[in-house]
Amino acid sequence: MATPIGNLEDMTFRAVRVLKEADLIAAEDTRNSIKLLNHFEIKTPMTSYHEFNKYDKADYLVGKLLEGQNIAVITDAGTPGISDPGEVLVSKCFDAGITVVPVPGACAAVNALIASGQSTRRFVFEAFLPSDKKERRVVLDSLKDETRTIVLYEAPHRLMKTLEELYERFGDRELTICKELTKKHESFMRTTLSEAKFFYNDENLPRGEFVLIVKGKSSEEIEQEKAAEWEDMSVVEHVESFIAEGMTKKDAIKKVAEIRGVPKREVYAEVEKK
């Protein structure tokens, strides 16, 4: 069940009703969630369900559900199950044949995307990048050629490092930095990676919670990079590279002719001269 990410007015009537009617509320941090429950005069008992107990506690909650209890799951803010331990409980519920009913509401990724000014037709959500250096490098490398808009979450103390890494891996790209969504100091800054990494510095430290909306790689960039790959290759080497990928000789010749913008007969003549 989604809860507000900053503005309490984003709490839905349905969410309040469901929380009041539930037998138990599984909350990421009961100390944080009690403020929300008190505000809406919700007296339902809570139990903690978070990253560090998500497997054992999920089994416990499934047991309660099988006994006939109705359990509402909430995160500290936003929609549980999105970059959140709620996904473990949902999976175990399906395995046990328990119906899961989503109660929609605020989601930082969607809120940021629709107000970013970036393309929303196709996007990929990566949440927080891994903290492990090796795993982080693998993820960034996998995103380098992504053509869809990229949605990332980031904490203030890691933002400067992340912007630097994105610039190193992606080159200069457009992005929108979304800060403190739905809160009093909500802001959207449309900029570039090169500008952003200089904007935040030791004299202008990031504060608040961030969502980064990064423009995907353009088709023009991809075509330029492809062209650069064969500029130093002979026609024969170019054909052989496609054959090595599994193409037939005929199809490889056709492909090279298309890429180089020359007649197929010229490519064929070069190959036959070999």
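Select E9 first: at 72% relative accessibility, E9 counts as exposed (exposed means over 50% relative accessible area, buried under 20%, partly exposed in between, with a 1.4 Å probe and protein chains only). E9 sits in the segment before α1 (13-21) (helices are DSSP runs of H or I with at least four residues, strands are runs of E with at least two, and both are numbered from the N terminus).

You are looking at a predicted model, where local features need pLDDT of at least 70 and side-chain atom pairs count only at pLDDT 80 or more, while totals for chains, interfaces and linings use all residues. Residues are numbered from 1 along each chain as its sequence is written, and side-chain values use heavy atoms, with hydrogens and water left out.

Next, pick K54, which lies in helix α3. Is K54 buried or exposed? With a relative accessible area of 13%, K54 is buried. Not counting residues up to four places away in sequence, K54 touches Y49, P85 and V88 (contact means heavy atoms within 4.5 Å).

Now show all of α3 (residues 54-66) together with α4 (residues 86-95): their axes come within 9 Å and cross at roughly 45° (axes are lines fitted to C-alpha atoms, for helices over the stretch in contact, and angles run from 0 to 180 degrees between N-to-C directions). That makes α3 oblique to α4 (under 35 degrees is roughly parallel, over 145 roughly antiparallel, 65 to 115 roughly perpendicular, and the rest oblique). Show side chains to see the contact: among the residues making it are Y55, L61 and L65 of α3, and L89 and C93 of α4.

**The open sheet**

Switch to cartoon view and find the five strands that form an open sheet in the order β4-β5-β8-β6-β7, with mixed pairing (two strands pair if DSSP finds at least two bridges between them). β4 (123-128) and β7 (187-192) stand at the edges with a single partner strand each, so one side of each has no neighbour in the sheet. From one strand to the next, the twist averages 20°.

Zoom in on β6 (residues 174-179). Six bridges pair β6 with β7 in the antiparallel sense; select I177 and you'll find its bridge partner in β7, M189. β6 also runs antiparallel to β8, joined by five bridges, and K179 has F210 of β8 as its bridge partner.

Which helix lies across β4, β5, β6 and β8? That's α7 (residues 156-170), running at about 10° to β8.

Q118 counts as buried, at 9% relative accessibility. Leaving aside neighbours within four places in sequence, its contacts include T149, E174, R190 and I213.

**Last stop: α10**

Select α10 (residues 235-244) and colour V236, H238, V239 and F242, which are buried. Look down the axis of α10: its buried residues fall within an arc of 165°, so they line one face of the helix (the arc is that of the directions from the helix axis to the C-beta atoms). These buried residues pack against α9 (219-230), α11 (249-260) and α12 (264-273). Finish just after α10 at G246, which takes a positive phi of about 115°.
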